[in-house]
Number of protein chains: 2
Amino acid sequence: MRISDVVAEYIRRMLDESDGTAEIQRNELANSLGCVPSQINYVISSRFTQEQGYVVESRRGGGGYIRITRIRLTTDKGSVIMHIVNSVGESLDELSANIILENLCSNGVISQEVTKLITAGVSERVLTQVPKVLRNEVRATIFKNMLLTLT
Amino acid sequence: MRISDVVAEYIRRMLDESDGTAEIQRNELANSLGCVPSQINYVISSRFTQEQGYVVESRRGGGGYIRITRIRLTTDKGSVIMHIVNSVGESLDELSANIILENLCSNGVISQEVTKLITAGVSERVLTQVPKVLRNEVRATIFKNMLLTLT
DNA sequence: TTGACTTTGACTTTAACTGACTTTAGCCTT
DNA sequence: AAGGCTAAAGTCAGTTAAAGTCAAAGTCAA
């Protein structure tokens, strides 16, 4: 198993056990999980981004910390979707799309069925025929249009 | 016996033994079966396609993998969809897509929500960025892949 | 002998991981 | 206060470990 997944798992558990907020000390955690400190930054920047529904704050120096908070989507589904649609630009890569969809799904905004459907519709596999330079743009268009049918 | 068949056989056995899902490491498998890594891609793309009822996911980079899942048709609806998927060729125009979808919808095979979603995903409007000559092909691919998630 | 299917390997892309170096905050000493 | 020491966290570019792509060459049956 990848170290990144171990770290991510550890943080997720902390989030679950406390009320959606985890405060860690970078060096200490790195040490206890047997990785290099910057690995923690890597994990956070690849798996706990704002797009994925987390807020990260931190402080350097003596007594420093990293605090990760999971944002609960409380707003109504329609406006959540509108918000996503507006925040997606003219271009969207596959990984980002998947992350957004997983998030919407785990927050109950869209069903598993819909998640799978849209995931399939914007997957790289499906777009191999379109010229590479256009793929992310086409993906963004498809993605937004499909989401919009749900509002 | 061809190497491709050995590889395909190996993967099929994995699928049978586990619960219809096989996760492999490309290089490792290639090595243990005595072929070149890209052979695995060839086998997958020629024998484990969507039309043949498989879903393939993968991840690159350290700790990467290829996961192949066999879709099993449990429901009657599943086989209707499978039939449609197989009857759609490499190319599909918007009108035909819409007709098929409306049919599936009015026969209760797919919901209105799903109908709207797929319709949006294969609409001409969404594909304006892709070169005209490719549009119907891309549409067919998207269409089939989306439908397959419903089986 | 031709055309579809297979095999191969060189090259590309992506994700994970690492460590040297930088920046920041608190504390202590004067 | 000011300056320096120390204990954090941040950055970034470079390395490694995968999987993906593609076109050229090989095989084989009709």
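1. Which pattern does chain A follow when read along the sequence? Chain A follows α-β-α-α-β-β-α-α-α-α, with 7 helices and 3 strands in its secondary structure. Here helices (H or I, at least four residues) and strands (E, at least two) are DSSP runs, numbered from the N terminus. Along the principal axes, the C-alpha atoms of chain A fill a box of roughly 50 × 35 × 25 Å.

2. This is a predicted model, in which local features need pLDDT of at least 70 and side-chain atom pairs count only at pLDDT 80 or more, while totals for chains, interfaces and linings use all residues. Residues are numbered from 1 along each chain as its sequence is written, chains are lettered from A and ligands numbered from 1 in the order in which they are written, and side-chain values use heavy atoms, with hydrogens and water left out.

3. The two protein chains meet in a contact (heavy atoms within 4.5 Å) that takes 24 residues from chain A and 28 residues from chain B. About 2,300 Å² is buried between chain A and chain B, and carbon and sulfur atoms give 64% of that area. On the chain A side, A:Arg2, A:Leu117 and A:Gln129 lose the most area to chain B, together 27% of what that side buries. Buried area is the accessible area (1.4 Å probe) that two parts lose on being put together, summed over both.

4. DNA strand C is surrounded by 25 residues, the closest being A:Ser4, A:Tyr42, A:Arg59, B:Ser4 and B:Tyr42. A residue is near a strand if one of its heavy atoms lies within 4 Å of it. Sugar or phosphate accounts for 70% of the atoms of DNA strand C within 4 Å of the protein, and bases for the rest. At least two residues of this surface come from each of helix 1 (3-17) and helix 3 of chain A and helix 1 (3-17) and helix 3 of chain B.

5. Of the atoms of DNA strand D within 4 Å of the protein, 67% belong to sugar and phosphate. A polar backbone atom of A:Arg26 is 2.6 Å from a phosphate oxygen of DNA strand D, and a polar backbone atom of A:Gly61 is 3.1 Å from a base nitrogen. An N or O atom in the side chain of A:Arg60 lies 3.0 Å from a sugar or linking oxygen of DNA strand D.

6. The second largest pocket has a volume of about 190 Å³, and its lining includes A:Arg26, A:Arg60 and A:Tyr65. Helix 2 of chain A gives the largest share of that lining, 3 residues. A pocket is defined on a 1 Å grid over the protein atoms alone, with a 1.4 Å probe, as an open set of points with protein on both sides within 12 Å along at least five of seven lines; lining residues have an atom within 4 Å of a point. Grid points are joined across faces, edges and corners, and the volume is the space filled by probe spheres set on the points.

Conventions. A polar contact is a pair of N or O atoms within 3.5 Å; within protein, one must be able to donate a hydrogen and the other to accept it, and residues adjacent in sequence count only if both atoms are side-chain atoms.
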